[in-house]
Amino acid sequence: MSYEIRSILYASDLTPRSPAVFRHAVGLAMKFNARLHAVTVTLPSSSLPYEEFLSEEKMDEIKLAGHKKAEALLRHRIDVFAEANPELDVKSVLASVRALEGDPSRRILDVAKHVLADVIVMGSRGHSTIGELLLGSVAHKVTMKADIPVMLVPIDR
């Protein structure tokens, strides 16, 4: 029986340490000749103090602009990484890049199912147990709810 990884989901929080996590995702994709899908998830926009003065169309326009900016930033970071690491053939493994809004752990798991991911690669800050209880941790939630392996790359250490 052979072990195959055909599809990988890389989840980015767009922090400065994200490239270190992306390196692992790309390396894994190259090793297994897998397709790599990149996603970033922003929290839903909350009620803004001036929201009552804007039309629904204008609010949708503002949300769409923010969504496009997050996706453009993720694409830019991937391009910068690819230029800085020509030995890693990022373009040959990268299948999709997207930015979504919503509960990060839920959206990451939804995308993993959608792209038929065999593994999720994401960073983990290593919050203390108390920190996770108070703040929650996207990595912790994804790990606990995923039905596929989750590779956590330590960041901010």
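Modeller: Helix 4 and helix 6 are oblique to each other. Bear in mind that this is a predicted model, in which local features need pLDDT of at least 70 and side-chain atom pairs count only at pLDDT 80 or more, while totals for chains, interfaces and linings use all residues. Residues are numbered from 1 along each chain as its sequence is written, and side-chain values use heavy atoms, with hydrogens and water left out.

Colleague: Why are helix 4 and helix 6 called oblique?

Modeller: The axes of helix 4 (residues 104-114) and helix 6 (residues 138-145) cross at roughly 45° and come within 9 Å. Axes are lines fitted to C-alpha atoms, for helices over the stretch in contact, and angles run from 0 to 180 degrees between N-to-C directions. Angles under 35 degrees count as roughly parallel, over 145 as roughly antiparallel, 65 to 115 as roughly perpendicular and the rest as oblique. The crossing angle of roughly 45° is therefore oblique.

Colleague: Which hand does the crossing of helix 4 and helix 6 have?

Modeller: Helix 4 passes helix 6 in a right-handed crossing. The term is right-handed if the near helix is turned clockwise from the far one by less than a right angle, and left-handed if anticlockwise.

Colleague: Which residues make the contact?

Modeller: Helix 4 supplies Pro-104, Ser-105, Ile-108 and Leu-109, and helix 6 supplies Val-138, Lys-141, Val-142 and Lys-145. Contact means heavy atoms within 4.5 Å. These residues divide into five nonpolar, one polar and two charged. Here Ala, Val, Leu, Ile, Met, Phe, Trp, Tyr, Cys and Pro count as nonpolar, Asp, Glu, Lys and Arg as charged, and the others, Gly among them, as polar.

Colleague: What makes Ser-105 buried?

Modeller: Buried means under 20% relative accessible area, exposed over 50%, and partly exposed in between (1.4 Å probe, protein chains only). Ser-105 has a relative accessible area of 5%, so Ser-105 is buried.

Colleague: Is Lys-145 buried or exposed?

Modeller: Lys-145 has a relative accessible area of 58%, so Lys-145 is exposed. Lys-145 and Ser-105 are 40 residues apart in sequence, with 8.7 Å between their C-alpha atoms.

Colleague: Why does Thr-42 count as partly exposed?

Modeller: The relative accessibility of Thr-42 is 34%, and therefore Thr-42 counts as partly exposed. Thr-42 lies in strand 2. Leaving out residues up to four places away in sequence, Thr-42 touches Ala-70, Leu-100, Glu-101 and Gly-102.

Colleague: How do you know that Met-122 is buried?

Modeller: Met-122 has 4% relative accessibility, so Met-122 counts as buried. Met-122 belongs to strand 4. Residues up to four places away in sequence aside, Met-122 touches several others, among them Ala-11, Ile-108, Val-138 and Val-142. Met-122 and His-24 are 98 residues apart in sequence, and their C-alpha atoms are 9.1 Å apart.

Colleague: Where is Val-115 found?

Modeller: Val-115 is in the loop between helix 4 and strand 4 (119-124). Its relative accessibility is 11%, so Val-115 counts as buried. Apart from neighbours within four places in sequence, Val-115 is in contact with Ser-7, His-37 and Arg-98.

Colleague: What is the phi of Leu-14?

Modeller: Leu-14 has a positive phi of about 65°, although it is not a glycine. Most residues other than glycine have a negative phi. Leu-14 sits in the loop between strand 1 (7-12) and helix 1 (18-32). Asn-33 also has a positive phi, near 55°, and Asn-33 lies in the loop between helix 1 and strand 2 (35-42). Leu-14 is buried, at 17%, whereas Asn-33 is exposed, at 69%.

Colleague: How many helices and strands are in the chain?

Modeller: The chain has six helices and five strands. Helices (H or I, at least four residues) and strands (E, at least two) are DSSP runs, numbered from the N terminus. From that end, the elements run β-α-β-α-α-β-α-β-α-α-β. Of the 157 residues in the chain, 39% are buried.
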